[in-house]
Every structure is written in structure tokens, then in C-alpha cells.
Amino acid sequence: MSVTNAAMSEVVVVSNRGPLKFSRREDGELVARRGAGGLVSSLSPLLVGTGAIWIAAAMDDDDRAASREGLVEAEGLRLRSLDIDPATYRMAYDVVSNATLWFVYHGLFDLTRRPRIDRRWWQAWAAYQTVNEAFAQAVADTAPQGATVLIQDFHLSLVGTHLAHTRPDLATVHFTHTPFCDPTGLRALPDAVAEELLSGLAAHTACGFHAQRWAAAYRDCCTEVLGRSSATFVAPLGPDPDDLSRVAGSDACQDAQSWLDDVIGDRRLILRVDRVEPSKNLLRGFLALDELLGQRPDLREKVVFLALVYPSREGLPEYLAYRTEMETLAERVNRTWGTPGWDPVVLAVSDNYPRSVAALGRYDVLLVNPIRDGLNLVAKEGALLNTTDGLLVLSREAGAWPELAQGAIGINPFDVSATADALARALDMAPGERRALSGAVREAAGRRTPRDWLNDQLAAAEGHQPG
Ligand code: G6P
């Protein structure tokens, strides 16, 4: 399906985080620059100059000041950013979206302690309802007659309910970027909340997911809670090859190469690139290296495990504790195995995409071992960027697994010993086999682009099954 700009001008994208971030220049003038995040970098280039409208939350005072100007046009994008009361927004974002729904959908609750549905939680739920209503109102006020509305992720589960009443002329799709839990997992939420969430999602023409299993889990939840299921579609995102080449050719990426030369030297490189999130399984990654170095003295001083990780949601105690545990474990592995001049683990915690791109170009092994992940774009980006026949060790719990299974070395992410074995197998593999496997992953990783993903959502909004 090809989409003309005329059609795109009738598209409204709705997400928590917007494509533009505002800040004040010294002279007090507000300036916009491209926002951060995977969704923004995938979707923004496709919307530039099309007239499509993007609705998102203002993240700070500068964004709020910009939102008072109404629809802002900058960098070829049209943004309506919502000025939501900061305290209400934080309750909805921290307590409901990130500390509850994200954990439920990933199946990551430590159920003896969480969730705790108490008075504070119910206040946060009221805030989540308010935020969703504000988004729905903004869509209702802004969307052209008969427009297609693409609503992104778990922050905005209830927008569909409102729009079904106020703007039945709109074709709406909801896309979930996380996994979805099965009915047993959903029972960690109060009954009325589960029902409200699923009714909100089911109010759309269709609900999209990155993988078949998340769509099936959602339908099972709907059947159990609502007694009916709603339409779903599966549309995995793919990397933008042009954007990857642009970053790979940038000065920042070239600068990172000399840092990498220093860090890696002539050693083999095991790489991981992740946000610091409990779902990413950073701890078992270091434990697997520990086991590998214990079993394989020949690899000592011959490998570097480089973990390039981005800080994430540091307002949540669970995330802070996880970061501390990760840093402590990395230090422990270095104390156990390190020698003068060799740290087996190099852990770099900062937001540096060009450096990640540079490292992805030259890994021997890329470890992507999430406990559960909606997709995992890094696995695909790595395959497209790598020029050294590097191998992918991939968790079978990543949404991208079915797409990349043919060339990846699959692991059960809970099995540290199996992960260590998989790393060893990848490091030991003969060049011919490496080339064949890395070629298979590269081919699979390049099959879909952000354009395909967008087109699938537009098709689903018209009631067609993508593909
Ligand atoms: C995680 C989730 C995504 C979500 C993103 C938002 O990566 O898996 O589904 O969109 O976080 O992150 P943010 O920093 O905007 O809360």
C-alpha cells in the first residue's frame, strides 16, 4: 500500500513522547529540536513535510510554553503538545504507566511485593484517566473529519473509549510496543481496571503488536475479561537503513571509533546495547560472562564484554536498584577475572547513540538476552550495521525472535549456563559458518523498514490485515 502526502495530511499520530523538544535560547526565544526515543526516530522522517499532525505530552516547562502556542510547526513536523498538570502527569506516567502497566505486560512483577493497589495507586489511576481524557480531547479537537489516528503504546490505553463516543468518524488504531501479558498476568490488576483498559483498546478498529504472541495474549485477555476479542494485527518495526548509514558516517561515530580502539584493542568483542531496564536481563548477561571465563581460561584477556547502556526512568526505585545491582555485578566480575591492563567488562552508562552505532559495526558477538521484550530493534540494527560477520545471541523471549531465528543463536534468557555456552559457541565458530549465519540475520533484519510498519498501521485502520 503506498500512501500519498495528501492522505498523510489526514493522519494523526498520538504518543506520550513527542517528536520535538523545546528549549529556550539565551535571548529567551523557544527553539525546537528533534526529540529522543525509538518511536520518534522511526516515525519522524516519514512524517516530515506530509502535514500529518503529532499529538504528545509536554515534558517540561519549555515544552509547556510551546504548547500554549497551539499547533507548532518545526523541522517539517506539526506538533500539538499537551500542557497537562505536572503532578497529574507524573502520577499517571510513573505510577500507572511505568510502575504498573509496563511491569504487568512484561510479566516482571515481584508478586510478593508488587503491585500494591492502595489509595495512592487509585489516585494515580484517576490521574491516568485524566491524562488519557486530555489526549482524547486534543485528538477530537484537532483531527480532520474522517482522519486516521495512530495511538502509540501503554500510556494511552483509554483514548479509544472517548474517541468512539466523541469522534465516531475517525479510524483509530492502537499500537503496543511492549509485550502483552496472558490472562493470568493481567489478574495482578484490579478487575475494573483490567476491564477499562481492555475496553479502551478494543474500542479501536484494530490493535497492533510487534509479534504474533503478544497479539494472541491480548486476544486471550479480551476473551477472558470482556467475553469477546477485538481485531488485531502484527506489524514488526524494522530499522531505517538510511538513518543508520547517516549515523554510521557521522563525525560523532568516527570519533567513537578511536575510543573503541582503546577499549577493545585486538581482543574479541562481546557487545550489548540496551536501556537500563529490568526487562533487559543485564545481570544474567554478566553472570554468563563470569561462567564463560571460569570455564574457558583460554578466553581470559582475549575478550572484552562491552555494555553500552542508556539510563532509563531513574525516578523509579526499581530502576535505580537495578542499576546499582548491575554496576556492582560488573565490578565483581572485573575483580574476579581482571588482570593488570584487562577489564573483562567495560560498562558505559550514558546516552550515546553514535558510539553504539560504531560498536555495532564491529562486534564479534552481540548479546540480546531480554527476559521479555516487545521487539528489540537493537538486534536488527546490529545485524545491518555489522561489518565483521558478527553473530547474534538472541533471547527467544524477544519479539524479534521469530523473524531472526534463522541466523541467530537462540537462548532461554533465564539459563545463564546456556547463555555462556552460546557465547562460547559464537566465539569459537569457524569463519564460513559465521558468514552464513550473520548473512541470514542481516537479510532477515532488513526485510522491514519503518515505512512498512507505518503502512501496516494505516492499512489496519482501514480494516485490512497488513501484509
Ligand atoms: C520502553 C518500552 C516502550 C516505550 C518506551 C518509552 O522501551 O518498551 O514500549 O515506548 O519504553 O520510554 P520512555 O522513556 O518514553 O518512558
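Predicted model: local features only at pLDDT ≥ 70, side-chain atom pairs only at ≥ 80, totals over all residues.
Although D415 and A288 are 127 residues apart along the chain, their C-alpha atoms are separated by 8.7 Å. A288 belongs to the buried residues of α12, and that helix is described next.

## Helix α12 and its surroundings

Helix α12 spans residues 282–295, a run of 14 residues. From first to last C-alpha the helix reaches 20 Å, close to the 20 Å expected at 1.5 Å a residue. Its buried residues are L282, L283, G285, F286, A288, L289, D290, L292 and L293.

Among the strands are β11 (268–275), β12 (303–310), β13 (345–349) and β14 (365–368). The helices α13 (317–337) and α17 (416–428) also contribute to the cover.

## The contact of α12 with α17

Two packed helices are described by the angle between their axes and the distance between the axes. For α12 and α17, the axes come within 8 Å and cross at roughly 65°. The crossing of α12 and α17 is right-handed.

On the side of α12, the contact is made by R284, L287, A288, E291, L292 and Q295. These meet V416, S417, T419, A420, D421, L423, A424 and L427 of α17. The residues of this contact divide into 8 nonpolar, 3 polar and 3 charged. Two of the α12 residues involved, A288 and L292, are also listed as buried.

## Aromatic pairs

A search of the whole structure finds 15 aromatic pairs. One of them joins W121 and W125, whose ring centres are 5.8 Å apart and whose planes meet at 5°, so the pair is stacked. Both residues belong to helix α5 (residues 119–142); because they are 4 residues apart there, about one helical turn separates them. W121 is buried, at 4% relative accessibility, and W125 is buried with a relative accessible area of 4%.

F209 and Y218 form a tilted pair, with 5.4 Å from centre to centre and 40° between the planes. F209 counts as buried because its relative accessible area of 0% is under 20%. Y218 is likewise buried, at 0% relative accessibility.

## Backbone features in loops

Most residues other than glycine have a negative phi, and most peptide bonds are trans. Against this background, the peptide bond from R114 to P115 is cis, with omega near 0°. P115 is found in the loop between α4 (86–106) and α5. Helix α5 is the element that holds W121 and W125.

E301 is partly exposed, with a relative accessible area of 37%. D389 lies in the loop between α15 (377–385) and β15 (391–395), and its relative accessibility of 21% makes it partly exposed.

Conventions: Residues numbered from 1 in each chain as written. Heavy atoms only, no water. Expected span 1.5 Å × (residues − 1). Buried < 20%, exposed > 50% of the residue type's maximum accessible area, 1.4 Å probe, protein only. Contact = heavy atoms within 4.5 Å. Axes fitted to C-alpha atoms, helices over the stretch in contact; angles between N-to-C directions. Left-handed = near helix turned anticlockwise from the far one by under 90°. Nonpolar A, V, L, I, M, F, W, Y, C, P; charged D, E, K, R; others polar. Phe/Tyr/Trp six-rings, centres within 6.5 Å; stacked < 30°, edge-to-face > 60°.
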